[in-house]
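Subject: Structure handover

Hi,

Here is the structure we talked about.

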Amino acid sequence: MEKKADTSSDFSQNNPFGWNAEQFREMWYVFLESIVEENSSSLVPRKRVRYQIEQSCQFRDIAAGWDSMDGSQRLDAWKKLLVAAEASAREILPVCVQCGECCRMGSPTLHADDIEALRSGKIPWEHLMTLRKGEPARSPFDGRPFVLPGEKIKIREKEGSRECVFLDGQTDRCTIYPDRPLQCRAQACWDPAPAMDLANQPALTRQDIFQGVDLLLEIISEHERRCGFEELTAAFDKLSESNGHDVDDVLRLLSYEEHFRQFVCEKFHIPPENAELVFGRSFSEMLGLFGYHAVDGPDGTRVLTPETENPPSDG
Ligand code: SF4
């Protein structure tokens, strides 16, 4: 949130000598609006901010005595009021210092307001991924595991971490800061409420992004029908009920899903870097969330192993 340094001097140019009480109030509300606008994010309750500024400077006393002041007293009082209001705005409204802390704890989910940044290329497609309905996930607020009740589009994270791909690791700065998603604008380490409010609003989906591209939407829906997380979860439940013996359904789904995405990407020239947006993460990438990993033997046979028995190496 950048702040203009000379807001109060702009308003001091207007001459308060001849204002009556009504004009004084009008000018005050124009000024107040300008500092709230400069400091507030779209989700901060503006009414509360206005109220707090008025409480913390001498607005009420000055307003009450305005008509009894002479011209130079009015000028003096007006200048003091502007300076006091700007100072209290800085105290009331903490600002993001771009330390990068939020950006290292997970990438943002996109909302309807972000679609323009996607369409204009300010947020490139290859940096997006889809989390599908039914996918196992962890809450960004308390880390608890849960199953995603609906689809989400997120900015990708750097491999092996939760850090957003747009965070510059050298400077800790966001490389798309002026065009950052709505969730990043709502994120405030001093107040989790705006981000939590936003989490309850509908997230962007592939239906929104690919609106009008009917063939692609049909393929996506076929992929969901054949390779949905409900089926994968049922296959893992079966595996668990058989004490780890009945691997057939899981292996069949893994193989089918792999071939499906490979076939469609080749046939329709979908670049590999866009596959995670079109189809979400592959089943083979998700095995860890179910406590397994897969190893391909030299003869091409795939073996499923519980992670506790033989955890995959970092390499
Ligand atoms: S888009 Fe920018 S502000 Fe948002 S999490 Fe990524 S680096 Fe941080």
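Which residue forms a salt bridge with Arg-281, and how far apart are the closest N and O atoms? The partner is Glu-135, at 2.7 Å. A salt bridge here is a side-chain nitrogen of Lys or Arg within 4 Å of a carboxyl oxygen of Asp or Glu. Arg-281 sits in the loop between helix 14 (275–278) and helix 15 (283–286), and Glu-135 in the loop between strand 1 (128–131) and strand 2 (136–138), so the bridge ties together parts 146 residues apart in sequence. Glu-135 is buried, at 0% relative accessible area. Buried means under 20% relative accessible area, exposed over 50%, and partly exposed in between (1.4 Å probe, protein chains only).

Ground rules before the rest. This is a predicted model, where local features need pLDDT of at least 70 and side-chain atom pairs count only at pLDDT 80 or more, while totals for chains, interfaces and linings use all residues. Residues are numbered from 1 along each chain as its sequence is written, and side-chain values use heavy atoms, with hydrogens and water left out.

Overall make-up
The protein has 15 helices and eight strands. Both are DSSP runs numbered from the N terminus: helices are H or I with at least four residues, strands are E with at least two. Of the 315 residues, 39% are buried. Of the contacts with a separation of 6 or more, 65% are between residues 24 or more positions apart. Contact means heavy atoms within 4.5 Å.

More salt bridges
The whole structure has 17 of them. Lys-158 pairs with Glu-163, closest N and O atoms 2.6 Å apart. Lys-158 is partly exposed, at 25%. Glu-163 is buried, at 17%. Arg-302 pairs with Glu-258 at 3.1 Å between the closest N and O atoms. That pair links distant parts of the chain, with Arg-302 in strand 8 (residues 302–306) and Glu-258 in helix 13 (residues 248–267), 44 residues apart. Glu-258 is partly exposed, at 30%. Shared partners also join Arg-132, Glu-151, Arg-206 and Glu-224 into one network.

Nonpolar cores
A nonpolar core is a set of buried Ala, Val, Leu, Ile, Met, Phe, Trp, Tyr and Cys residues joined through side-chain atoms within 4.5 Å. The largest has 26 residues, and Ile-123, Leu-128, Ile-209 and Phe-210 have the most contacts inside it. Helix 11 gives the most to this core, four residues. At least three residues come from each of domain 2 (101–205) and domain 3 (210–306); these bounds come from an automatic or database domain assignment. Leaving out residues up to four places away in sequence, Ile-209 touches Ile-115, Leu-118, Trp-125, Ile-153, Leu-204 and Leu-277.

Leu-148
Leu-148 lies in the loop between strand 3 (145–147) and strand 4. Leu-148 is buried, at 4% relative accessibility. Beyond four places in sequence, its contacts include Leu-131, Arg-132 and Glu-135. Glu-135 is also the salt-bridge partner of Arg-281.

Ligand
The residues around the ligand are Cys-103, Pro-108, Cys-164, Phe-166, Leu-167, Cys-174, Ile-176, Pro-181 and Cys-184, each with a heavy atom within 4 Å of the ligand. This shell has nine nonpolar, no polar and no charged residues. For that count, Ala, Val, Leu, Ile, Met, Phe, Trp, Tyr, Cys and Pro are nonpolar, Asp, Glu, Lys and Arg are charged, and the others, Gly among them, are polar.

Best wishes
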